[in-house]
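Work through the exercises below with the sequence and the 3D structure at hand. Try each task before reading its solution.

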Amino acid sequence: MTNTVGLLHPGSMGSAFGAQLRACGHIVLWCPDGRSDTTRRRAERAGLEAEPLPELVSRSDVLLSLCPPAAAEETAAQVAELGMAGAGTIYVEANAVSPSRVQRIADRLAPMPIIDAAVVGSPPVGGKSLTLYLSGPGEKADRIAELFDGTDVRTHVLGDSIGKASALKLAYTSYQKVSRVLAAVAYGAADTYGVADELLVIAAKRTRSYLVETDYIPKTAARAWRWGPELEDAAALLADAGLPDSLMHAAAVTLARWDGNRDERLDIAEALEALRAEGDLDNPS
């Protein structure tokens, strides 16, 4: 079945999605108003059909929002203000935004149904594939999943609740992207002191992500009283090297939430509960 998809707005990820949908015979629209020449060329290469925003909204069976996260609510507001979507149109919010922002977007667009979506992976070009996680009303989510049958976009439905896909995306992003930042400042500090090569030798011995080692969370809690001061010294190292030290200070403040669990034998649930505990530790006087 051929669908018409309105793409809001085709950056490198969005245009790759559009090309995948076009290859399966779907019609993919985009709005060129106010877009750069680079975006125009990208849309043309992907075979997307240009339409003004009102016509794009009125023609589309699915509206797929893939834009900078900061623009997600404004993009949805533009669609809502037009009020021109068809009775069966589904809005797919596929940006890296918080569950609360997705809910605000859903409230703004109501009664148009919305699917919360999260993209994990690189743009599906050159044989690469990624996963599009979906959450929202089951029948609508299944319809979006079927839209990508035969493409390099794998889909995985998480359930009926809006917010699950966005929570998964940001939970993963909070580790992945901050890890990249930490890698940059750590390498920068080692490079300043002429030990970058030795740092890489140490790092190469580990091939497994810390994120999958959930059994280490209680051990981290038990050792937090020792790790916090160590990270404050790491912050001093970074500052002396002319590098940002705020991440180290923030990690030390986070560890301080476990100060009361020194050398305790906690399970994962207990360690996380202690981490969630309210108090003044985040704003020490």
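A residue is called buried when its relative accessible area is under 20%, and exposed when that area is over 50%. The model used here is predicted.

**Exercise 1. State which residues of helix 9 are buried, and what covers them.**

Step 1. Apply the cut-off of under 20% along helix 9: Pro 218, Thr 220, Ala 221, Ala 222, Ala 224, Gly 228, Ala 235 and Leu 238 are buried.
Step 2. Look for what covers these residues: the cover includes helix 7 (164–192), helix 10 and helix 11.
Step 3. Follow the helix itself. Helix 9 spans residues 217–240 and bends by about 70° at Ala 224, a residue that is also in the buried set.
Step 4. Go past the end of the helix. Gly 242 follows helix 9 and has a positive phi, near 75°.

**Exercise 2. Decide how helix 4 and helix 5 are oriented, and describe their contact.**

Step 1. Locate the two helices: helix 4 covers residues 72–82, and helix 5 covers residues 99–109.
Step 2. Take the geometry. The two axes come within 9 Å and cross at roughly 10°.
Step 3. Compare with the cut-off: angles under 35 degrees count as roughly parallel, so helix 4 is roughly parallel to helix 5.
Step 4. List the partners. Ala 72, Glu 73, Ala 76, Ala 77, Val 79, Ala 80 and Glu 81 from helix 4 meet Arg 101, Arg 104, Ile 105, Arg 108 and Leu 109 from helix 5.
Step 5. Sort the residues of this contact by type: 7 are nonpolar, none is polar and 5 are charged.

**Exercise 3. Is Asp 263 buried or exposed?**

Step 1. Read the backbone angle. Asp 263 is not a glycine, yet its phi is positive, about 60°.
Step 2. Asp 263 has 53% relative accessibility, so it counts as exposed.

Methods: Residues numbered from 1 in each chain as written. Predicted model: local features only at pLDDT ≥ 70, side-chain atom pairs only at ≥ 80, totals over all residues. Heavy atoms only, no water. Axes fitted to C-alpha atoms, helices over the stretch in contact; angles between N-to-C directions. Helix = DSSP H or I, 4+ residues; strand = E, 2+ residues; numbered from the N terminus. Parallel < 35°, antiparallel > 145°, perpendicular 65-115°, else oblique. Contact = heavy atoms within 4.5 Å. Nonpolar A, V, L, I, M, F, W, Y, C, P; charged D, E, K, R; others polar. Buried < 20%, exposed > 50% of the residue type's maximum accessible area, 1.4 Å probe, protein only. Bend = angle between axes of the 7 residues up to and from the residue.
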